[in-house]
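Let's walk through a structure together, one feature at a time. Have the viewer open as you read.

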Amino acid sequence: MRDLLKEIRRCDLCRKNLPFEPRPILEASSESKIVLISQAPGQVVHNNRIAWNDQSGKRLREWLGVDKFTFYNTSNFAILPMGMCYPGKAKTGDAPPRKECAPLWHKKVLSKFDNLKMTILIGSYASNYYLKDKNNLTQKVANFRQYLPEFFPIPHPSPVNIFWRKKNPWFEDEVVPELQKRVKEIIE
């Protein structure tokens with residue numbers, strides 16, 4: 001796994017399509033029990049080089065019911081974005097993750113896990129890539145049980161998604177407690 005992570009962190013395949021220097025950001029160990037697959041690092045994470053070290057990460061840790069120490073312990077969580085580098089800004093929020101990363105790297109990384117129990121799909125890019133059905137993200141999250149035990153789809157915890165969370169209060173009332181319960185069972 002170490003050699004593969006080094007190879008990925010040196011990747012500059014998308015250099016000409018990125019607004020900044022390529023800086024692939026991911027974390028994993030062969031012992032990781034839960035994989036977090038999300039869209040791509042944001043600008044804050046690009047600058048500080050620590051995955052989920054921003055407001056979205058704070059909310060994600062709340063949803064998971066874990067502290068920073070537990071979250072950044074790669075025996076517990078692997079962090080595998082759909083796009084490993086910050087893709088730049090779009091009209092609303094960040095640009096979509098680069099399409100080259102997941103097909104190039106995901107299978108290689110996923111094949112290295114010895115103790116994987118669950119994959120949490122964060123946001124529509126990850127959910128659409130891994131869950132090949134016609135449901136939109138809200139439907140996937142509402143029907144998360146149909147994807148268990150392998151996958152658990154959730155919305156992206158970005159502050160930009162505040163309207164989705166306000167429109168769908170059932171997520172934090174009903175889904176988050178189930179997510180926390182499953183995470184606790186897996187990492188304890």
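Q: Where is proline 149 found?
A: Proline 149 sits in the loop between helix H7 (137–142) and E4; helices (H or I, at least four residues) and strands (E, at least two) are DSSP runs, numbered from the N terminus. Most peptide bonds are trans. Here a cis peptide bond joins leucine 148 and proline 149, with omega about 5°.

Q: Before we go on, what sort of model is this?
A: It's a predicted model, where local features need pLDDT of at least 70, side-chain atom pairs count only at pLDDT 80 or more, and totals for chains, interfaces and linings use all residues. Residues are numbered from 1 along each chain as its sequence is written, and side-chain values use heavy atoms, with hydrogens and water left out.

Q: Which way do the residues of strand E4 point?
A: In a regular strand the side chains alternate between the two faces of the sheet. In E4 (residues 151–154), Phe151 and Pro153 point one way and Phe152 and Ile154 the other way. All are buried, meaning under 20% relative accessible area, whereas exposed is over 50% and partly exposed is in between (1.4 Å probe, protein chains only).

Q: How many bridges join E3 to E4?
A: Two strands pair if DSSP finds at least two bridges between them. Strand E3 (residues 118–122) and E4 run parallel and are joined by four bridges. Leucine 121 stands opposite proline 153 in E4.

Q: What about phi at arginine 49?
A: Most residues other than glycine have a negative phi. Arginine 49 has a positive phi of about 65° although it is not a glycine, and tryptophan 52 has one of about 60°.

Q: Are arginine 49 and tryptophan 52 buried or exposed?
A: Arginine 49 is exposed, at a relative accessible area of 52%, while tryptophan 52 is buried, at 7%.

Q: Where does H9 kink?
A: The bend at a residue is the angle between axes fitted to the seven residues ending there and the seven starting there. In H9 a kink of about 35° lies at valine 176, shortly before proline 177. Valine 176 is also among the buried residues of H9, which include Phe171, Val175 and Leu179.
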